[in-house]
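Here is a short briefing to read alongside the model.

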Amino acid sequence: MTKILAMINLDDYKLPGEVLGDIAKRMVLKRKALGLTQAKLAEKSGVSLASIKRFERLHQISLASLVNIAFMILTLCSQGLRMLPSRM
């Protein structure tokens, strides 16, 4: 499984904002694959719902929040946890 914060080749990007955009897209895919809503990810990661929404929409987030989200998603992936989206 590809890691959210895996090393990236900066030569693949024209602008710094594209890096965060790519990370945000991968995070959304992982969140959805786990059946997590934004609200449930906020609860589990300790990152505010507003921060998660802002990251997914505008690609703006603090490094601390990004790391908290990444660790939570990676932890859930490593546990093989799958939740039904209808129950989140």
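The largest nonpolar core has 18 residues, and those touching the most other members are Met27, Leu34, Leu41, Ile52, Phe55, Ile69 and Ile73. A nonpolar core here is a set of buried Ala, Val, Leu, Ile, Met, Phe, Trp, Tyr and Cys residues joined through side-chain atoms within 4.5 Å; buried means under 20% relative accessible area, with a 1.4 Å probe and protein chains only. Two or more residues of this core come from each of α1, α2, α3 and α4, and α4 gives the largest share, five residues.

This is a predicted model, in which local features need pLDDT of at least 70 and side-chain atom pairs count only at pLDDT 80 or more, while totals for chains, interfaces and linings use all residues. Residues are numbered from 1 along each chain as its sequence is written, and side-chain values use heavy atoms, leaving out hydrogens and water.

**Overall fold**
- The protein has four helices and zero strands, where helices (H or I, at least four residues) and strands (E, at least two) are DSSP runs numbered from the N terminus.
- Of the 88 residues of the protein, 35% count as buried.
- Among contacts (heavy atoms within 4.5 Å) with a separation of 6 or more, 57% join residues 24 or more positions apart.

**Helix α2 and its neighbours**
- Leu41, Ala42 and Ser45 are buried in helix α2 (residues 38-45).
- Seen down the axis of α2, these buried residues fall within an arc of 105 degrees, so they line one face of the helix; the arc is that of the directions from the helix axis to the C-beta atoms.
- The buried residues of α2 pack against α1, α3 and α4 (63-79).

**Where α2 meets α4**
- The two helices α2 and α4 pack at an angle of about 100 degrees, with axes 9 Å apart; axes are lines fitted to C-alpha atoms, for helices over the stretch in contact, and angles run from 0 to 180 degrees between N-to-C directions.
- That makes α2 roughly perpendicular to α4, a label for angles of 65 to 115 degrees.
- Leu41, Lys44 and Ser45 of α2 make the contact with Asn68, Ile69, Met72, Ile73 and Leu76 of α4.
- Not counting residues up to four places away in sequence, isoleucine 69 touches Met27, Leu41, Ser45, Val47, Ile52 and Ile61.

**Confidence**
- The protein averages a pLDDT (the predictor's confidence in each residue, from 0 to 100) of 83, and 81% of the residues score at least 70.
- Over residues 83-88 the pLDDT is below 50.

Notes
Buried < 20%, exposed > 50% of the residue type's maximum accessible area, 1.4 Å probe, protein only. Parallel < 35°, antiparallel > 145°, perpendicular 65-115°, else oblique.
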